[in-house]
Amino acid sequence: MTDAAFSALASLADPSLLIMLAVGVVAGLVIGLIPGLGGTGAVAILLPITFGMEPEPALAMLIGALAVVHTSDTVAAVLLGAPGSASASVTMLDGYSMARQGQAKRALSLAFLSSMAGGLIGAVGLTLAIPLARPLVLSFGSPELFMLTILGVSLAAVLSRGNVVKGLTAGLLGLLLGLVGTSPTTAEERFSFGSLFLSDGISLVAVALGVFGLAEIASRVGQRRVTEKPVELTGGWGSGIREWLTHWTHVIRGALIGIWAGVLPGVGATAGTWLAYGQAVATAKDKRKFGKGDPRGIVGPESANNSVEAGDLIPTFLFGIPGGVPSAMLLGMLLTYGIQPGPAIVTDHLDLMYLIVWAFAIASVAGAFLCFLATGSLAKLTKVPFAVLGPGLLVVMLLGAFQEGGQIGDLWVMVALGVVGFFLKATGMPRAPFLIGFVLAIPMERYYYLTASLYDGASWVARPGVLVFAALLIVPLAWSLIKRVRRASGAADDGHRDEHESDDEHGDELEGSLARTPWSLAVAIVAVLVFAGALWVSGSFSAEAALMPRLVAIGGLAAALILSWQELRARRQDTRRDTLEDSLEPTGGSGGTMVATRVDPAVAARALARRHDLVIAMRTFVAMAAFLVLVMLGGYLAATLVFTPVFLLYAARTRPRTAIIYTLVLGAVLLALPSLLPVDLPMGLLQ
């Protein structure tokens, strides 16, 4: 193992690897500033660039971005009070307060150094996990690997914040989408409906960028201006550095909490940072300064949000269980290279594992160093409204989705999945289980087929490893059920708790805003119809090809029916409550015969905001479809030159001069890309 570790370090002396690592670091720092993208956006945007590369430079670039994205998202949290990601919202509590007191540099230096230390400690944890877990991984057979895939989807759903049934429904929808295409066991086409395009399956990049990227653009494009006025970048870097050295115990504890949060699927950076913040408050003798500029409220969460990404890589590569969305995409990329996680990676690709470790550690140091140097410039980027960033991000994301298959159909699938992702997000259904289910669908089917072929009947269920993983699956489900029963005994709870809270990767006002509305009921009914249709269509498949689709469809149908029942019950409860409130209203008017009706201003404001969000989102998706029509007619460059200024002038309300310069720069980048990177621009019918 030592030889493999030093061999991986020596390989980083290759200029091409260093360049890719540097590109990833710079891209991660910039993307971390954009609200809502985070690690998911960084990996999804860079993933198409890796097509045609060798695994080593591809992983170096993606790991470089993933390692630093939580370093730069602190800038907006401290200077604007508007975090770049949900996990940075914890840092905002004390960091923004400190900045408003004229100590912005002090807060940022505490955050940057803690992020660097968290990344380094996370890399050490990943290093130690390899020799400790290697004997266990090598003992796995196909039954254990099959159970691990089930565990990955289930835990991501069960541990997601909010309604567990929603998480399971989303995970099973992702599994069903992953089964579209050719069966890995019989080479039979499934759910392709005679389409050659669908027979190859759905592109991972299109799914990730659609469900997360385009959905995020549609939900945020209404933000035409930055609401907060940034504070001045004052204070001293040195005071923060010296103070950071006195809080090293909080840094270590925060990093260890982050690693543990990363190992658990579905927990993620947001929960990890809050856990680190909680331990800092719990162990402090004087708690009065927390939330008012206490440095301990910065160092713990910041070390946790970087180490959680390293911890996430442990189950991803060693066991094939992605703990979050970025790691699910990394796992999908490895599978495209023919690299199987688990026993194969620790025997045949051990040097690749250590390359990941070194890249993560180096990127953590480089990211903190660059943040110290470029904070002034980075702070200016936080002032750019998302509506202005929208068209550029859209052009980059759609171009990235085109690179994997070279088909316009991938772009239409991506826009359609963007609509799906928007409604999943708005109705409080977690999107992480959806993508994890999509990535694990084919490995799950392949391992089950091998298990069924090698073992008689259900004898494999009695294997010790299978029993352990089954217990790990049952315990969280049982605990969730117990908590639900306790809540039900205290108050009527319909399972919608925490639906308005943020998920692990993104946090904004739209998250769960349509929960307990007719829209959430409609989503549940559509899920029922999708699973019922899949069950009916699978009847035309052969027995072997139909096995997994039927299991997924039956499980999904049960979950979706329960979810529909919950939504209907919630609607009835809301109706009864509104009726009771109306009956308690005082009467007025002549002789008391007129009943005064009262409209809660807060309720009316939320309804108006929901309507506004829906209108803006639907207009944005229509604009995306119009852009694709232009691409099909005139090609990508011409469509960009037409679409971008129109969007900026009428959606973002920018000045004509800004729209012209923006469009010309974007067009120049598109012209230069094919000569710099292995990128092809879609051609139109008129070209």
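A salt bridge here is a side-chain nitrogen of Lys or Arg within 4 Å of a carboxyl oxygen of Asp or Glu. Keep that in mind for the opening stops of the tour.

This is a predicted model, where local features need pLDDT of at least 70 and side-chain atom pairs count only at pLDDT 80 or more, while totals for chains, interfaces and linings use all residues. Residues are numbered from 1 along each chain as its sequence is written, and side-chain values use heavy atoms, with hydrogens and water left out.

**Stop 1: a salt-bridge network**

Select Glu 216, Lys 425 and Arg 431: salt bridges link these residues in a network. Zoom in on Lys 425 and Glu 216, whose closest N and O atoms are 2.7 Å apart. This pair links distant parts of the chain, with Lys 425 in helix α19 and Glu 216 in helix α10 (residues 204-220), 209 residues apart. (Helices are DSSP runs of H or I with at least four residues, strands are runs of E with at least two, and both are numbered from the N terminus.) Are Lys 425 and Glu 216 buried or exposed? Both are buried, and buried means under 20% relative accessible area, with exposed over 50% and partly exposed in between (1.4 Å probe, protein chains only).

**Stop 2: two more bridges**

The model has 6 salt bridges by this rule. One of them joins Arg 106 to Glu 243, with 2.7 Å between the closest N and O atoms. Arg 106 and Glu 243 are both buried.

Next, pick Arg 190 and Glu 445, a salt bridge whose closest N and O atoms are 2.6 Å apart. Arg 190 sits in strand β2 and Glu 445 in helix α20 (residues 432-454), so this pair ties together parts 255 residues apart in sequence. Again, both Arg 190 and Glu 445 are buried.

**Stop 3: along helix α6**

Go back to α6 and select residues 104-138. This helix has 35 residues and reaches 49 Å from first C-alpha to last, close to the expected 51 Å; the expected span is 1.5 Å times one less than the number of residues. Where is the kink in α6? Look at Leu 132, shortly before the proline Pro 135, for a kink of about 40 degrees. The bend at a residue is the angle between axes fitted to the seven residues ending there and the seven starting there.

**Stop 4: aromatic rings**

Now show the aromatic side chains. Rings of Phe, Tyr and Trp (its six-membered ring) pair if their centres lie within 6.5 Å; planes under 30 degrees apart count as stacked, over 60 as edge-to-face and the rest as tilted. The count comes to 10 aromatic pairs. Among them are Phe 112 and Phe 372, which make an edge-to-face pair because their planes are at 80 degrees, with the ring centres 5.4 Å apart. Phe 112 lies in helix α6 and Phe 372 in helix α17 (residues 350-381), so the pair ties together parts 260 residues apart in sequence. Phe 112 is buried at 0% relative accessible area, whereas Phe 372 is partly exposed at 22%.

Then try Phe 627 and Phe 643: their centres are 5.0 Å apart and their planes at 50 degrees, so this pair is tilted. Phe 627 belongs to helix α24 and Phe 643 to helix α25 (residues 636-650), and the two are 16 residues apart in sequence. Phe 627 is buried at 0%, and Phe 643 is buried too, at 7%.

For a cluster, select Phe 422, Phe 423, Trp 519 and Phe 621, which ring pairs link together.

**Stop 5: two loop residues**

Most residues other than glycine have a negative phi. Phe 193, in the loop between β2 (189-190) and α9 (196-199), has a positive phi of about 55 degrees. Phe 193 is exposed, at 67% relative accessible area. Arg 516 also has a positive phi, of about 60 degrees. Find Arg 516 in the loop between α21 (464-490) and α22 (518-537), where it is partly exposed at 28%.

**Last stop: a nonpolar patch**

Switch to the surface and select Trp 412, Val 629, Met 632, Leu 633, Leu 685 and Leu 686, which make a nonpolar patch of about 600 Å². Patch residues have over 30% relative accessible area and no salt bridge; like charges are joined within 9 Å, nonpolar side chains (Val, Leu, Ile, Met, Phe, Trp, Tyr) within 5 Å. Areas come from the Shrake-Rupley method with a 1.4 Å probe, and for residues only the protein chains shown count as cover. Which helix gives the largest share of the patch? Helix α24 (residues 601-634) does, with 3 residues. Trp 412 sits in helix α19 (residues 408-426) and is partly exposed, at 31%.
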